[in-house]
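Grab a pencil and have the viewer open.

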Amino acid sequence: MPVPRNVIEQIKQIIPPLNGTLHKGQSGRVGVLGGAMDYTGAPFFAAMSALRLGADLSHVICAPTAAQAIKSYSPDLIVHPILKEGAPQDKVKKELDSLLSRLHVLVLGPGLGREDYMQNYAKVALNLARSKAMFLVLDADALWMIGQDLSLVRGYRRAVLTPNVVEFKRLSEQAGVDTSVPADGRAVEVSKRLGGVVVLQKGPKDLIAIDTTGEAASLEESGIRHVLDEESEKVKEVIEVDVEGGLKRCGGQGDVLSGTVGAMLAWGKCYEDGAFGDKSIAASRIPILAAVGGSMVTRTSSKRAFHVEGRGLVTQDMIPYLAKAFAENFGEDLQAGERGRL
């Protein structure tokens, strides 16, 4: 089923204009927390994908053991090697607090791993982000982390979860979703049980679901204020993204998706803060729009890269196609700007 036209038009409203009116940073500042000794590619893919989609700045918050490798991949990334094993947690928390104050969105999970010290730092960062009403993307081992304590995200409607098949099965069980629930209804049930977080269930067709009708959904916990009609905030919605993707599913494609969703959430935060647009899109609507938009662009870039590379496709082949994938889905004018085309 095609993405509804009205949803695409809403996504376009949270995309920053390319007309010279914005200064550096008003098209999104993205943070990716992950990267330790064994994992350096995933945070790079997520952070670089955010840049290639159009975010202004992309930061990687990682362990010192990963920093040099990630820095060597691209000079465009800002790398913060502050997640040192054995460092005083109060010191790291203070550094994280300062850093997150400069960002619009935090992507947690790519390259995070399950070592205790990285998991602990991720929890600290997640709680700080919530206190600042930041948008969040949770993927990979951040999903494993919240599965151990669902209260970390329950009720926080600014979060987007991006589980693959295995991660979704595990998360569904942890949330207490009965196996009798039809397969196409489980994502929205997970959302309801977790208080209205957006669930992006990856698969042959991506399902993006939200259900804020349960008691766990909280406007106050989500930093969503000045709502005149709280009843209008109780929604249940499932959007199927059937945009064609590539026939090879390479290992880091989920990291690319985390980055594209993160970039769109950063745009949404700039929109919410008044950098551009008319604020007709509610803040609570931004996570599902970002999830749909990121899914569309990622799937299209996979298709384009696969047509060139075929069976030999690897994740880094997808990133150069993000701009063309964006234009294919949302229009050349939005991609190139008013003066960007010859």
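**Exercise 1.** Which side chain meets that of Asp141 in a salt bridge?

Before you start: this is a predicted model, where local features need pLDDT of at least 70, side-chain atom pairs count only at pLDDT 80 or more, and totals for chains, interfaces and linings use all residues. Numbering runs from 1 along each chain as its sequence is written, and side-chain values use heavy atoms, with hydrogens and water left out.

*Solution.* 
- Step 1: look for a side-chain nitrogen of Lys or Arg within 4 Å of a carboxyl oxygen of Asp or Glu, which is what counts as a salt bridge. The partner is Arg114, at 2.8 Å from N to O.
- Step 2: Asp141 sits in helix α6 (residues 141-148) and Arg114 in the loop between β4 (105-108) and α5 (116-131), so the bridge ties together parts 27 residues apart in sequence. Helices (H or I, at least four residues) and strands (E, at least two) are DSSP runs, numbered from the N terminus.
- Step 3: check exposure. Buried means under 20% relative accessible area, exposed over 50%, and partly exposed in between (1.4 Å probe, protein chains only). Asp141 is buried at 15%, while Arg114 is partly exposed at 43%.

**Exercise 2.** Are Asp139 and Lys202 buried or exposed?

*Solution.* 
- Step 1: find the pair. Their side chains meet in a salt bridge of 3.5 Å, N to O.
- Step 2: trace the chain. Asp139 lies in the loop between β5 (135-138) and α6, and Lys202 in the loop between β7 (198-201) and β8 (206-211), so this pair ties together parts 63 residues apart in sequence.
- Step 3: read off the answer. Both Asp139 and Lys202 are buried.

**Exercise 3.** Where do Arg285 and Glu237 lie?

*Solution.* 
- Step 1: start from the contact between them, a salt bridge with its closest N and O atoms 2.5 Å apart.
- Step 2: locate each end. Arg285 is in the loop between α9 (253-272) and α10 (286-309), and Glu237 is in strand β9 (residues 236-241), so parts 48 residues apart in sequence are tied together.

**Exercise 4.** How many salt bridges does a search of the whole structure find?

*Solution.* 
- Step 1: the search gives 19.
- Step 2: look for linked ones. Arg158, Lys269, Glu272 and Asp273 are joined in a network of salt bridges.
- Step 3: zoom out. The chain has 13 helices and 9 strands, and buried residues make up 58% of its 342 residues.
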